[in-house]
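Here is a short report for a reader new to this structure.

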Amino acid sequence: QGLALPLCNSVHCPSCGMLFLDLRFDDADMSRLYRDYRGDSYVQEREHFEPGYAARNQALTSDHPHIQAAEAVLRPWLPDQPAILDWGGDTGRNTPLRQVARLHHIYDISGRLPVEGAVPVSTPTAAAYDLIVLSNVLEHVPDPRSLLGEVSRVMSPSSKLYLELPFEALMRESETQHGAWRSKRHWHEHVNFFSSKALTCLIQRSGLQVLSANFISLQDGALQFAWVCGPATRQR
């Protein structure tokens, strides 16, 4: 109950500044971790080990107040009624622009029932989408580059990818304070901490390019990357 913690190591890249956990989960681990993610049994178990989680989860699973900010970032890049795939989108409740989407697909391992209008898919159809949303996913996965490679193969030359993930306070400090990353002591759910440079490198190595680099401030003072990407010019 938080008294005996598994030993692990923080790994830091001095070139790009990325910080990550040395434990990497395989597909079976990920399935166990995120099956019925934030469902009743999941919340009950986490509340046992983390008193107060249930209340925090209720806020996390409600309508995100910053969705309008995300939609403002995306609007200039998309048609009026975009076809959207929310990759790792849970129920699709917080998919940006879902209210005007002509197509709203969800590709997710949680198995939770989607909101009205959203359709779960087992295999994304290549070149079918104007927008692919990857929101608050990259910080969880064991191989972010492999995941972005999968996403890029589903994109058409005109598709846009919306990346949203935490710009952790520690990483913001690390960009101005040398060695600030050394203060990381405990890992919890997020196994990847990105700097701006690390995220840029990851995007470029995945055959994509950054079209718009924005940041969204949340109500609790946290900061999110909110970047729009497209296929690299050389691939067109």
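## A network of charges

Arg-46, Glu-50 and Glu-189 are linked in a network of salt bridges. A salt bridge here is a side-chain nitrogen of Lys or Arg within 4 Å of a carboxyl oxygen of Asp or Glu. Side chains of opposite charge can pair when their charged atoms come close. Arg-46 counts as buried, at 10% relative accessibility. Glu-50 is partly exposed, with a relative accessible area of 24%. Buried means under 20% relative accessible area, exposed means over 50%, and partly exposed lies in between (1.4 Å probe, protein chains only).

This is a predicted model: local features need pLDDT of at least 70, side-chain atom pairs count only at pLDDT 80 or more, and totals for chains, interfaces and linings use all residues. Residues are numbered from 1 along each chain as its sequence is written, and side-chain values use heavy atoms, with hydrogens and water left out.

## Salt bridges between loops

How many salt bridges does a search of the whole structure find? It finds five. One of them joins the side chains of Arg-112 and Asp-90, at 3.0 Å from N to O. Arg-112 lies in the loop between β4 (103–107) and β5 (119–120), and Asp-90 in the loop between β3 (83–87) and β4, so the pair ties together parts that are 22 residues apart in sequence. Arg-112 is partly exposed, at 27% relative accessibility. Helices (H or I, at least four residues) and strands (E, at least two) are DSSP runs, numbered from the N terminus.

Another salt bridge brings together the side chains of Arg-102 and Asp-130, at 2.9 Å from N to O. This pair also links distant parts of the chain, 28 residues apart. Arg-102 sits in the loop between β3 and β4. Asp-130 sits in the loop between β5 and β6 (131–135). Asp-130 is buried, at 18%.

## Strands side by side

β3 and β4 run parallel, joined by five bridges. Two strands pair if DSSP finds at least two bridges between them. Ala-83 has Leu-103 in β4 as its bridge partner.

β4 also pairs with β5. This pairing is parallel too, over two bridges. Here His-105 stands opposite Val-119 in β5.

## A helix with a buried face

Now turn to helix α2, residues 40–49. Its residues Tyr-42, Val-43 and Arg-46 are buried. Seen down the axis of α2, the buried residues fall within an arc of 95°, so they line one face of the helix. The arc is that of the directions from the helix axis to the C-beta atoms.

What lies on the other side of α2? There, Asp-40, Gln-44 and Glu-45 are exposed.

## Two positive phi angles

Most residues other than glycine have a negative phi, and most peptide bonds are trans. Asp-90 is not a glycine, yet its phi is positive, at about 55°. Asp-90 is found in the loop between β3 and β4, and its side chain forms the salt bridge with Arg-112.

Leu-97 has a positive phi as well, about 65°, although it is not a glycine. Leu-97 is placed in the loop between β3 and β4. At 6% relative accessibility, Leu-97 is buried.
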